[in-house]
Amino acid sequence: MKLEFDAMDWVTIPHLNGGEGSVSAKMFGDAAGKIMVSRLPAGASIGLHRHEDSSEINYVLAGTGKTVCGKEEESMEPGSCHYCPKGEEHSIQNTGAEDLVLFTVVPRQ
(Lines give C-alpha, C1' and ligand atoms only; values in the text may rest on other atoms or scores of the structure.)
Protein backbone atom coordinates (compact mmCIF):
# COMPACT_ATOMS: atom_id res chain seq x y z
CA MET A 1 0.00 0.00 0.00
CA LYS A 2 1.39 3.40 -0.98
CA LEU A 3 0.91 6.22 1.53
CA GLU A 4 0.72 9.76 0.12
CA PHE A 5 1.69 11.98 3.04
CA ASP A 6 1.73 15.06 0.76
CA ALA A 7 -2.00 14.55 0.14
CA MET A 8 -2.87 14.18 3.85
CA ASP A 9 -4.04 17.03 6.07
CA TRP A 10 -1.98 18.12 9.06
CA VAL A 11 -3.58 17.34 12.42
CA THR A 12 -2.42 19.56 15.30
CA ILE A 13 -2.26 18.05 18.78
CA PRO A 14 -1.66 20.47 21.67
CA HIS A 15 0.39 19.24 24.65
CA LEU A 16 0.84 15.69 23.31
CA ASN A 17 1.28 13.37 26.31
CA GLY A 18 1.64 16.44 28.54
CA GLY A 19 4.41 18.00 26.44
CA GLU A 20 5.02 21.66 25.67
CA GLY A 21 3.42 23.43 22.70
CA SER A 22 1.78 21.56 19.83
CA VAL A 23 2.78 18.75 17.50
CA SER A 24 1.46 18.58 13.93
CA ALA A 25 1.23 15.23 12.16
CA LYS A 26 0.09 13.53 8.97
CA MET A 27 -0.99 10.06 10.06
CA PHE A 28 -2.02 6.69 8.74
CA GLY A 29 -3.32 4.11 11.19
CA ASP A 30 -4.91 0.68 11.24
CA ALA A 31 -5.16 -2.25 13.65
CA ALA A 32 -1.44 -3.02 13.19
CA GLY A 33 -0.22 0.44 14.25
CA LYS A 34 0.53 3.95 12.99
CA ILE A 35 2.86 5.55 10.45
CA MET A 36 3.28 9.32 10.47
CA VAL A 37 5.29 12.38 9.62
CA SER A 38 5.31 14.90 12.45
CA ARG A 39 6.62 18.40 13.14
CA LEU A 40 7.59 19.78 16.53
CA PRO A 41 8.19 23.55 16.40
CA ALA A 42 11.09 25.11 18.32
CA GLY A 43 10.58 24.50 22.06
CA ALA A 44 7.82 21.91 21.58
CA SER A 45 7.94 18.45 23.12
CA ILE A 46 6.12 15.15 23.39
CA GLY A 47 5.74 14.38 27.09
CA LEU A 48 7.05 11.30 28.84
CA HIS A 49 4.81 8.30 28.09
CA ARG A 50 5.03 4.50 28.21
CA HIS A 51 4.47 2.15 25.27
CA GLU A 52 2.34 -0.60 26.78
CA ASP A 53 1.25 -2.38 23.58
CA SER A 54 3.62 -0.98 20.95
CA SER A 55 7.16 0.08 20.25
CA GLU A 56 8.11 3.32 18.46
CA ILE A 57 10.71 4.16 15.82
CA ASN A 58 11.52 7.82 15.07
CA TYR A 59 13.77 8.74 12.14
CA VAL A 60 14.86 12.41 12.01
CA LEU A 61 14.29 14.09 8.64
CA ALA A 62 15.16 17.65 9.74
CA GLY A 63 15.96 19.71 12.83
CA THR A 64 17.57 18.80 16.13
CA GLY A 65 16.28 17.53 19.41
CA LYS A 66 16.73 15.10 22.24
CA THR A 67 15.00 12.00 23.52
CA VAL A 68 14.87 10.46 26.93
CA CYS A 69 14.26 6.70 26.88
CA GLY A 70 14.50 4.86 30.15
CA LYS A 71 17.06 7.00 31.94
CA GLU A 72 19.23 7.73 28.88
CA GLU A 73 19.22 11.08 27.09
CA GLU A 74 20.21 11.03 23.41
CA SER A 75 20.65 13.79 20.85
CA MET A 76 18.67 13.68 17.60
CA GLU A 77 19.77 15.11 14.27
CA PRO A 78 18.97 14.41 10.60
CA GLY A 79 19.74 10.78 9.79
CA SER A 80 19.54 9.53 13.38
CA CYS A 81 16.93 7.05 14.52
CA HIS A 82 15.46 6.64 18.02
CA TYR A 83 13.88 3.34 19.08
CA CYS A 84 11.64 2.96 22.14
CA PRO A 85 10.88 -0.71 22.83
CA LYS A 86 7.55 -2.01 24.12
CA GLY A 87 7.23 -1.49 27.86
CA GLU A 88 9.63 1.49 27.98
CA GLU A 89 8.81 5.16 28.36
CA HIS A 90 10.24 8.04 26.39
CA SER A 91 9.89 11.72 25.55
CA ILE A 92 11.04 13.87 22.61
CA GLN A 93 11.98 17.56 22.66
CA ASN A 94 12.89 19.99 19.89
CA THR A 95 16.09 21.70 21.09
CA GLY A 96 16.76 23.66 17.90
CA ALA A 97 15.50 26.84 16.26
CA GLU A 98 13.78 25.04 13.35
CA ASP A 99 11.04 22.39 13.24
CA LEU A 100 12.05 18.90 14.31
CA VAL A 101 10.59 16.68 11.56
CA LEU A 102 10.18 12.96 12.28
CA PHE A 103 9.11 9.91 10.29
CA THR A 104 7.55 7.62 12.90
CA VAL A 105 6.37 4.01 12.90
CA VAL A 106 4.43 2.66 15.89
CA PRO A 107 3.81 -1.10 15.47
CA ARG A 108 1.36 -2.74 17.90
CA GLN A 109 2.75 -5.87 19.51
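1. Arg-50 comes out as partly exposed, at 41% relative accessibility. The cut-offs here are under 20% relative accessible area for buried and over 50% for exposed, with partly exposed in between (1.4 Å probe, protein chains only). Keep in mind that this is a predicted model, where local features need pLDDT of at least 70 and side-chain atom pairs count only at pLDDT 80 or more, while totals for chains, interfaces and linings use all residues. Residues are numbered from 1 along each chain as its sequence is written, and side-chain values use heavy atoms, with hydrogens and water left out.

2. With Glu-89, the side chains meet in a salt bridge at 3.4 Å, N to O; the criterion is a side-chain nitrogen of Lys or Arg within 4 Å of a carboxyl oxygen of Asp or Glu. Glu-89 sits in strand S9 and Arg-50 in strand S4, so this pair ties together parts that are 39 residues apart in sequence. Strands (E, at least two residues) are DSSP runs, numbered from the N terminus. Glu-89 is itself partly exposed, with a relative accessible area of 26%.

3. The other partner is Glu-52, whose closest N and O atoms with Arg-50 are 3.8 Å apart. Glu-52 is exposed, at 57% relative accessible area. Through shared partners, salt bridges join Arg-50, Glu-52 and Glu-89 into one network.

4. Cys-84 belongs to strand S8 (residues 81–84) and is buried, at 0% relative accessibility.

5. The whole structure has five salt bridges. One of them is Asp-99 with Arg-39, at 3.4 Å, N to O. Asp-99 lies in the loop between strand S9 (89–94) and S10, and Arg-39 in strand S3, so the pair ties together parts that are 60 residues apart in sequence. Both ends are partly exposed: Asp-99 at 31% relative accessibility, Arg-39 at 33%.

6. Now the largest pocket, with a volume of about 380 Å³. It has 23 lining residues, and the closest to its centre are Lys-34, Met-36, His-49, Glu-56 and Val-106. A pocket here is an open set of points on a 1 Å grid over the protein atoms alone, where a 1.4 Å probe fits and protein lies on both sides within 12 Å along at least five of seven lines; lining residues have an atom within 4 Å of a point. Strands S2 (22–30), S3 (33–40), S4 (45–50), S5 (56–62) and S10 each give two or more residues to the lining, and S3 supplies the largest share, four residues. By type, the lining divides into 10 nonpolar, eight polar and five charged residues.

7. Last, the surface. Tyr-59, Leu-61 and Phe-103 make a nonpolar patch of about 250 Å². Patch members need over 30% relative accessible area and no salt bridge, and nonpolar side chains are joined within 5 Å (like charges within 9 Å). Phe-103, in strand S10 (residues 100–107), is partly exposed with a relative accessible area of 31%.

Terms used
Accessible areas come from the Shrake-Rupley method with a 1.4 Å probe; for residues, only the protein chains shown count as cover. Grid points are joined across faces, edges and corners, and a volume is the space filled by probe spheres set on the points. Ala, Val, Leu, Ile, Met, Phe, Trp, Tyr, Cys and Pro count as nonpolar, Asp, Glu, Lys and Arg as charged, and the others, Gly among them, as polar.
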